[in-house]
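Visitor: I have the model open and would like a walk-through. Start wherever you like.

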Amino acid sequence: MPYVMNRSVLLLLFLCVFSAYGTIAKTAEPVGYKVSFDLNHLVEDRLTITMETPQVHTDEIEFQMPKIVPGTYGISDFGRFVSSFSALDTNGQPLPVKQIGTNRWGISGAQGLGTLSYQIDDTFDGEPGKTVFEPGGSNFQADTNFVLNLFAMVGYLEGIEDRPFELTIAHPSELYGVTALEVVDRSADRDRFMASDYFTMHDSPIMYSAPDTASVQVANARIEVMVYSPNGQLNAREVMDRNKDLFAAAAEYLGGTLPVDRYAQLIYLWDGPTNSGGMGALEHSYSTVFSLPDLPDSVMGQEIQDVTAHEFFHIVTPLTIHSEEIHDYNWIEPQMSEHLWLYEGVTEYSAHHMQVKAGLISEQEFLETMQEKMTQSTTAYDDQVPFTTMSAHCLDVYAGEYGNVYQKGALIGMALDLQLLHWSEGAYGLQSLIKDLQDRYGAEKAFKDEELFDAIAELTYPEIREFFTRHLESYEALPFEEVLNYAGVSYQASVPSTTITFGKIPLGYNPNTGRLFIASLDDANDFAANMGYQVGDEFISINEFDLTNVQMVGSQIDAWRASTSEGDKVKIVVARKSGEEFENVVLKGKAMEVETSDDHVVQFVTEPTPEQQRIRDHWLKDKKG
């Protein structure tokens with residue numbers, strides 16, 4: 001994917017000393033909640049959560065599980081995974097409990113409440129209809145791996161979310177846990193962590209597995225990587241070796257220091273299809289959870305680097321720059337901000353922009369990435385929806401448009417950057433704007449949604465307000481030709497061309513086999529007819545190119561096209577249903593070239609003017625802008 005990214009928006013700075021290696025941290029805070037569970041004891045793949053509660057001063061109170069959490073833009077309803085919920089008073093006697101919604105339990109006699117207990121199922125292998133994007137869920141694999149996004153497991157008493165949470169976890173001695181939570185103490189088989197409130201606890205995932213970690217000091221921050229690879233395809237040292245220069249480049253891009261003092265990458269690799277069918281990551285204030293296929297660094301390395309760069313930049317937006325909707329998050333009925341272009345789009349743009357400025361990718365690679373986003377934003381999404389409107393309604397009316405935040409959202413960041421560089425003659429770009437917004441707001445001061453554009457105009461140029469009005473609050477196309485020309489890049493909306501066709505067929509995904517299949521032949525062309533495609537055929541190979549790895553199919557087909565000319569022999573192996581079983585069928589034909597067009601063609605001008613060269617250098621080279 002574009003990765004499913006989904007990815008997100010989490011804020012609070014921890015007021016504690018962190019060490020993922022288990023250094024004892026001081027704590028003097030009164031405990032509000034004491035939560036405990038034992039990873040050694042799974043019953044039907046469920047854990048039992050026990051929670052000692054703070055004192056309640058009302059006769060009735062609700063226990064709630066999150067409906068949705070920051071950084072995810074789809075409803076999860078984590079209450080679906082709760083069973084056997086009970087409440088006891090301080091004498092151990094049961095209190096009346098009634099479930100009043102998917103994520104809500106009413107408790108009577110709550111002034112005497114002492115303990116809550118319930119079973120929680122994990123989400124990675126949940127039954128159909130319970131799918132949660134894996135980086136935002138939980139995994140319980142006895143004696144092997146536990147991915148613990150705590151919001152998928154632990155709830156709170158309504159109105160008492162701001163109390164401290166103490167978390168005690170018993171675990172197999174051969175498993176080690178990495179987290180950004182404050183470590184109170186550790187032993188071989190039991191860990192105790194502390195969080196100042198529910199937000200901080202939910203924002204701090206933990207992964208337990210056999211120890212495979214690597215760490216590095218970058219500027220003012222300690223960064224640790226933990227990898228779970230079931231087949232040993234990838235290890236933490238490989239990830240760190242690839243990404244340590246990226247972290248250093250990120251610090252430089254942000255002015256030499258980072259707004260966090262520690263960061264944890266928790267990388268879960270899977271063997272076979274996932275429940276959601278997606279891969280990607282979910283970012284938190286001080287950590288990121290990854291869910292990716294178990295493939296070696298030679299295959300997944302650049303993907304991990306790109307995802308790492310994106311998720312890491314969320315420490316800026318929205319950690320230190322965010323609206324009131326994010327700052328005062330409603331777990332049950334969340335209100336969405338209009339500014340996903342900033343939280344996700346600018347983050348995605350900065351992730352690639354930082355890499356080109358640091359020399360980690362070439363200028364041509366960066367330009368090709370932006371070109372791909374132009375194509376995706378206009379072919380896969382509705383370009384006639386104002387971006388602020390889509391953002392505010394991404395949970396309901398425009399849920400299907402959310403993915404455009406990683407396409408058009410990044411392009412908004414690019415266009416804004418180039419426009420600011422042009423007006424300032426290279427002296428002030430998006431990096432400068434982000435720093436000024438950090439200085440004006442910061443982690444503890446939220447902006448009002450409706451005031452952000454005016455604030456940016458005040459910080460930069462009054463003319464930028466019209467840019468936002470035309471291209472974000474309305475749906476006028478971004479001015480690619482104009483802004484790219486500032487940097488000596490030519491732009492053409494469409495250029496006629498030809499390509500080797502694969503048949504003009506839509507593909508579906510079979511999670512049971514992990515293969516792509518032909519979903520329809522309604523628009524299929526002559527090549528598809530000549531090959532003998534049938535609806536439901538699942539692709540195994542084309543000539544010598546393997547098509548069984550769903551994440552690599554696109555690049556494999558591209559490689560086949562690049563090595564094939566019209567009239568060349570083509571052999572495609574498909575798995576075709578025969579009764580209840582599949583049998584391999586070999587399809588043979590000849591390659592066919594069809595007329596098409598290349599959309600959004602961009603290329604560097606070979607002889608830019610001095611002004612264009614100046615803007616290009618400030619845009620793409622290691623100059624502050």
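**Sheets, helices and loops**

Guide: Five strands make up an open sheet with mixed pairing, in the order β16-β17-β18-β20-β19. Helices (H or I, at least four residues) and strands (E, at least two) are DSSP runs, numbered from the N terminus, and two strands pair if DSSP finds at least two bridges between them.

Visitor: Which strands stand at the edges there?

Guide: β16 (213-218) and β19 (280-283) do; each has a single partner strand, so one side of each has no neighbour in the sheet. From one strand to the next, the twist averages 15°. Axes are lines fitted to C-alpha atoms, for helices over the stretch in contact, and angles run from 0 to 180 degrees between N-to-C directions.

Visitor: Before going on, what sort of model is this?

Guide: It is a predicted model: local features need pLDDT of at least 70, side-chain atom pairs count only at pLDDT 80 or more, and totals for chains, interfaces and linings use all residues. Residues are numbered from 1 along each chain as its sequence is written, and side-chain values use heavy atoms, with hydrogens and water left out.

Visitor: What is the mean pLDDT?

Guide: For the protein chain it is 88, and 92% of the residues reach 70 or more. pLDDT is the predictor's confidence in each residue, from 0 to 100. Over residues 1-30 it is below 50, though beyond near neighbours in sequence this stretch has 127 contacts in the model. Contact means heavy atoms within 4.5 Å.

Visitor: Which strands does α2 lie across?

Guide: α2 lies across β16, β17 and β18 (262-270), and runs at about 20° to β16. Helix α3 (residues 297-312) also packs on the sheet, where it touches β17, β18, β19 and β20 (287-293), and its direction makes about 155° with that of β20.

Visitor: Next topic, the 7-strand sheet. What is its order?

Guide: The order is β4-β7-β2-β1-β11-β14-β13; this sheet is open and its pairing mixed. Its edge strands, β4 (82-89) and β13 (182-186), each pair on one side only. Neighbouring strands in this sheet are turned by 20° against each other on average, direction ignored.

Visitor: Do β1 and β11 run parallel or antiparallel?

Guide: β1 (residues 33-38) and β11 (residues 165-170) run parallel and are joined by 6 bridges. D38 stands opposite A170 in β11.

Visitor: And β7, how many of its residues are buried?

Guide: In β7 (residues 113-121), 7 of 9 residues are buried, so the strand is mostly covered. Buried means under 20% relative accessible area, exposed over 50%, partly exposed in between (1.4 Å probe, protein chains only). β7 is antiparallel to β2, with 7 bridges, and I49 stands opposite Y118 in β7. β4 and β7 pair in the antiparallel sense too, over 6 bridges, and there S86 faces S117.

Visitor: Helices now. What does α9 pack against?

Guide: The buried residues of α9 pack against α2 (236-253), α5 (340-357), α8 (408-423) and α10 (452-459). Those of α9 (residues 430-440) are L430, Q431, S432, L433, I434, L437 and Q438. After α9 comes G442, with a positive phi near 90°.

Visitor: At what angle do α10 and α11 cross?

Guide: The axes of α10 and α11 (residues 464-471) come within 8 Å and cross at roughly 150°. That makes the two helices roughly antiparallel (angles under 35 degrees count as roughly parallel, over 145 as roughly antiparallel, 65 to 115 as roughly perpendicular and the rest as oblique). F453, D454, I456 and A457 of α10 make the contact with I464, R465 and F468 of α11. These divide into 5 nonpolar, no polar and 2 charged (Ala, Val, Leu, Ile, Met, Phe, Trp, Tyr, Cys and Pro count as nonpolar, Asp, Glu, Lys and Arg as charged, and the others, Gly among them, as polar).

Visitor: Last, loops. Where does E425 lie?

Guide: E425 lies in the loop between α8 and α9. Although E425 is not a glycine, its phi is positive, about 55°, and at 54% relative accessibility it counts as exposed. E44, in the loop between β1 and β2 (46-52), has a positive phi near 50° and is exposed at 67% relative accessible area.
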